[in-house]
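Here's a quick tour of a protein model. Have a look at it first, then read on.

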Amino acid sequence: DLDAIPNFMSSDLIFWGPYSSEPIQGVKAFTELIAMLHAAFDDLQITEGEMVVEGDTVAVRWTASGVHRGEFMGTGPSGEPFRFTGTGFYRVVEGKIAEAWSFNNSVEVIRQLSGTSPIKAGSER
């Protein structure tokens with residue numbers, strides 16, 4: 001639900017992730033990123049695992065899975081399933097995420113989407 005993003009993200013959000021060499025700034029730009037991901041992976045599922053909280057920082061391990069159905073980072077739709085893990089760190093201010101860092105193995109993701117990965121989409125890493 002893209003309309004719900006402002007409910008948990010600060011209006012001046014700064015998002016550091018593997019999708020851009022520069023940080024994504026603001027709720028509008030972050031919402032556009034999420035819309036792009038859902039266009040590429042219309043069945044995208046992200047499941048959060050362990051979570052650790054210290055002060056205003058939250059660390060989480062997550063797993064993403066789905067099927068590649070649209071363009072993603074220059075790679076056209078392949079119909080390939082994928083599954084990978086990543087980590088996120090969030091700085092929370094007044095109950096909303098003000099700054100976020102997301103890390104995953106983008107090279108492995110592209111390999112799975114191109115069908116050249118020895119890692120099967122259903123296997124756990």
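What follows covers the aromatic pairs, a helix and a strand residue.

## Ground rules

This is a predicted model, so to speak of local features takes pLDDT of at least 70, side-chain atom pairs count only at pLDDT 80 or more, and totals for chains, interfaces and linings use all residues. Residues are numbered from 1 along each chain as its sequence is written, and side-chain values use heavy atoms, with hydrogens and water left out.

## Aromatic pairs

Searching the whole structure turns up 6 aromatic pairs (Phe, Tyr or Trp rings, six-membered for Trp, with centres within 6.5 Å; planes under 30 degrees apart are stacked, over 60 edge-to-face, the rest tilted). W62 and F84 are edge-to-face because their ring centres sit 5.7 Å apart with planes at 75°. This pair ties together distant parts of the chain, 22 residues apart: W62 is in strand β4 (57-67) and F84 in strand β5 (81-93). Strands are DSSP runs of E, at least two residues, and helices runs of H or I, at least four, numbered from the N terminus.

Both W62 and F84 are buried, meaning under 20% relative accessible area with a 1.4 Å probe, protein chains only. One aromatic cluster takes in F41, W62, F72, F82 and F84.

## Helix α2

The buried residues of α2 are V27, F30, T31, L33, I34, L37 and A40. They pack against α1 (5-8), β1 (9-16), β2 (24-25) and β4.

## L13

L13 belongs to strand β1 and counts as buried because its relative accessibility is 0%. Beyond neighbours within four places in sequence, its contacts (heavy atoms within 4.5 Å) include F30, I97 and G26.

Terms used. Buried < 20%, exposed > 50% of the residue type's maximum accessible area, 1.4 Å probe, protein only.
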